[in-house]
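Here's a quick tour for anyone meeting this structure for the first time. Have a look at the sequence and the model, then read on.

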Amino acid sequence: MRNSIALAFLLLFSLSATAQQAWSDPATWPDGQLPAAGELVTIPAGRHVVMDVSPPSLKGLMIAGTLSFAQRDLNLTAGYVLIEGHLEIGTEDEPYTGNAVITVNGPDEDVMGMGARVFGTMNGGGLQIHGSSAAKTTWTQIDGHAFVGATSLVTTAAMNWEVGDEIVLTPSGYLLDEAEVLTITDIKGHTINFTPALEYNHWGELQTYDGKVVDERAEVALLTRNVTIQGPESAVEDGYGAHIMIMPESGPVNVEGLQVLRMGQPGRAARYSWHWHLAGDRTGDYIRRSTVRDALQRGFVVHGTDNVLVEENVTYNVKNHAFIPAEDGNEIGNLFRGNIAIRTHRTEDGTMAFPHGRHSETASTQSEHRASAFWMRNYHNPLIGNVAAGVEDGIGFFYDRTGRSRDFNHFDHLPQAVVFQDNVAHAIGVPGRNNNAGSNVAMYGFTGHGFGLFVDNFDIGNEDVELDFSDFLAYKCDMTGVWNEETNIIFHDMILADNTSAFLTGEARIEDCLVIGKTRDTIGGENRVLRYGHERAGLYTVTQGGRKRPRFDRVKFINITEGTDRPSEAAAFTINYQLEHRPNYVRDVIFENSLAAHFTNNGAGARRIGPTMLYDEYGQLSGLGQPTLMTHTISPMVREDCMLADDLNAYLCPADKYVDIKVPKINRYRFNMPLTQADGSIIYDGGLSERYSRMRAGEETTLAWENQDAPPAEYRMGFAPTGLRVSNHIYLNVPYLQPAITMVDHLDSSIPRLASRTAVQAADRTAFFIDTDREVIYLKAYATGEGDVDGFDYVVISEGEQDIVVLEPTTGTQASEVLEAVSVYPNPVSPDSRLRFTISQATKLNVALTDVLGRKLRSLYEGAVQSGQTEVPLNIMGLPSGVYQVQMQFTDGSSKTISVTR
């Protein structure tokens, strides 16, 4: 191909090195002949040609020098366009004011390794497109409803759009196809007249709930731009468009005011509408205030490229993923700001570019089987102020690790902030929606759809890395506003409204969020029904399992049960399966016209509910006003002192009576972890894959190895209080074939070996006895909540000889010996009340708030205290008026109690 281009160069050109020459001037061309139809044209290095006429359709155009467009309407048609020099259509100082259309329509044959129908830059080639339409506002919102039959609408600001411009109005319901393309017939300030009349209703009013503004007003975006790069009209029928590639070592690329139309090639990797391809650091590159429309394969793609700006762009009617800030997962610093993706469609079966698995038509390493407005492989590309408005069978914002190369895993651990702010997702659909009725499809793996924001499990594994997602609005999402599978994430200051569920979340912390089950915006009808008849939920834990660790702070739930047929099964917290056995909590939550919780026993999860418990720290879910552990009615954790709450379909258990157990898997060796009654009968078998389990304090059970013949030489086990950090103990019979063992804690301090089971039972600390007759270690394990960073007290068991010891009673500092002064001020207490005390020497101290019967309601302080005066805030949030006690507990068991009144 290069030889052909060189031959064309020799045949066609003999130009001076410096002068600008007009395309229309015969003297510009060899033999005084203008390029004819079907010719391959090259503009050589060092030459500047000004296109002042529309040439005939060319076989190809190679720009090694400079080609600029005159300020007039122009059409350029070529089989391909390659830029190794410079293409200029307007400048920042003098934007292009004509209407330019570049059509790329070549045959299906490769051009220099870049595929067919390519418009591309390479080898230093630069691209400058500055259409005057970039000065027009990209998108805004409507101010006032626009209903069926309307031929005018009002916008929130005066628009600089023009008669004849095409605009698109986003859907207000759950269906992406309710977006409508309109042509402006008249415009005066805020008011736009258009044709045709509207076929759907569109919401246009602000709503206020709990003092927060809920903005579900439909967006309206500009499609028309005065520079167009497009594929041929035949692409609509045959599905074969052109594509744009910015290759490595390209010159500067600055584009604004561009429409990209009928681009992309389904089923072909790297053949996208707009595409930075393995281009490296592109600091200074941007595309802004431009449009990708009717795309056959993706919209704006950043692949193997860093530090580009994609700003205030529109995609409409794009297949696959509309915006891709990070395709491989090694892309960094690409800023996507103020963009809007409207009506994004899934890829048809059999046309995926990255098939994977047994069923290539429904699975892909790049999740092409479910569309997304914003799809990316790592966190480190800022997303600010973007909108996902209508996605078919897919996801609004999708952080996806599936199929990503392991070579890029270290990017997840980068110590830089994650920026996800002020983004919006709505009308995100699931397959088969029919008049807003019917139950949902499977939600995990390749079949998960209908999420406003989905964060896959990237296995960060570093507690020091915390990812911050904030100020997100998701509404009219068919499955959930937010689904998270990651560990160290905070979702805060979010508003989730009119979704089937607000959160499906594993490890995240949810803080300062507003969840509204049903607003006044009824456009689109009712949300879909969740599995097993649940019509609506704030948090929904699905039956497929996985890590579900709710941690909710300062969240308000409004109208969760509003308009539902079965209010008892529409709840702020719908617990439909096992929760993670590590600490979870719900605190400072408020319910308005909402059932607090519903524990369901439906589905596959009912067969293995296990030791699921939800810690209601302030007793707001249970309604008891004190710390409570909530669990399923068929849970093996229920004991006689648990209370059945019929309205919640749950048992309410004392928060200070349970212990969590963690037994990490060692290579291929795992424990069975049965829970037994006093007569030895098994009431729950955790199974071989369990890493966590739970027991009632003071109870005993026996563990069993998966492989009885070859247990590991060393392993460790952790213990932590469930709910309140109240020191409790359990008894375990741990199989071990070696009679000589040693046991230490996680600080490498020796765990005492005692002479008998009786001695272990009498111990006031973690201790063990080697029972050679039963070939087990009899272990009394204390869970204090003061262990490692997870609050687990560990024991490490390994081979070795350890002497039997006799324990001396534990001594501690008496309260009467060190406590010099103590008071609560003010009392009766207020949110500003403090416990003030003075001690004469350093000690350890637990401070708790209890009821008048001494039952702990919440922990106020745990840990070491230095000599002198100390103040501890009294946390009274959520407690009713009454008399309470502040209890100071010292390490020896002595205590001091002060009565307070609220």
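Let's begin with cysteine 513, which is buried, with a relative accessible area of 3%. "Buried" here means under 20% relative accessible area, while exposed means over 50% and partly exposed is in between, using a 1.4 Å probe and protein chains only. Cysteine 477 is buried too, at 0%.

A word on where this comes from: the model is predicted, so local features need pLDDT of at least 70 and side-chain atom pairs count only at pLDDT 80 or more, while totals for chains, interfaces and linings use all residues. Residues are numbered from 1 along each chain as its sequence is written, and side-chain values use heavy atoms, with hydrogens and water left out.

## The disulfide

How many disulfides does the structure hold? There is one, and a disulfide means a pair of cysteine sulfur atoms within 2.5 Å. The partners are cysteine 642 and cysteine 653, with their sulfur atoms 2.1 Å apart. Cysteine 642 sits in the loop between E53 and E54 and cysteine 653 in strand E55, so the link ties together parts that are eleven residues apart in sequence. (Strands, E, of at least two residues and helices, H or I, of at least four are DSSP runs, numbered from the N terminus.)

The torsion about the S-S bond of cysteine 642 and cysteine 653 is about 115 degrees, so this disulfide is right-handed. Both ends are tucked away: cysteine 642 counts as buried at 10% relative accessibility, and cysteine 653 is buried at 2%.

## The strands around it

Strand E55 (residues 650-654) runs antiparallel to strand E53 (residues 628-632), and five bridges join them. Two strands count as paired if DSSP finds at least two bridges between them. Threonine 628 stands opposite proline 654 in E55.

E55 also runs antiparallel to strand E54 (residues 643-645), this time with three bridges. Methionine 643 has leucine 652 in E55 as its bridge partner. E54 and E55 make a hairpin with four residues between the strands, where asparagine 649 takes a positive phi near 55 degrees.

## An enclosed strand

Now for strand E39 (residues 451-455): is it enclosed or exposed? Five of its five residues are buried, so E39 is largely enclosed by the rest of the structure. Strand E36 (residues 395-399) runs parallel to E39, joined by four bridges, and strand E42 (residues 480-484) also runs parallel to E39, with four bridges.

## Rings meeting rings

The structure holds 28 aromatic pairs. Rings of Phe, Tyr and Trp (its six-membered ring) pair if their centres lie within 6.5 Å; planes under 30 degrees apart are stacked, over 60 edge-to-face and the rest tilted. Take phenylalanine 503 and phenylalanine 552, an edge-to-face pair at 5.8 Å centre to centre, with 90 degrees between the planes. Phenylalanine 503 lies in strand E45 (residues 501-505) and phenylalanine 552 in strand E48 (residues 551-558), so the pair ties together parts that are 49 residues apart in sequence.

Phenylalanine 552 also pairs with phenylalanine 557: the ring centres are 6.3 Å apart and the planes at 35 degrees, so that pair is tilted. Phenylalanine 503 and phenylalanine 552 are both buried, and phenylalanine 557 is buried with a relative accessible area of 0%. Elsewhere, one aromatic cluster includes Phe300, Tyr379, Tyr399 and Phe491.

## Charges over rings

The charged end of arginine 757 sits over the ring of tyrosine 778, 4.0 Å from its centre, and lysine 476 lies over the face of tyrosine 174, at 5.6 Å from the ring centre. To count, NZ of Lys or CZ of Arg must be within 6 Å of the ring centre and within 35 degrees of the ring normal.

## A buried asparagine in a loop

Where is asparagine 334? Asparagine 334 is in the loop between strand E30 (321-326) and strand E31 (335-337), and counts as buried at 0% relative accessibility. A polar atom of the asparagine 334 side chain lies 3.0 Å from the backbone nitrogen of valine 308.

Leaving aside residues up to four places away in sequence, asparagine 334 touches several others, among them Val302, Asp306, Pro325 and Asn381. Contact here means heavy atoms within 4.5 Å.

Note on methods. Polar contact = N/O pair within 3.5 Å; in protein donor to acceptor, adjacent residues only side chain to side chain.
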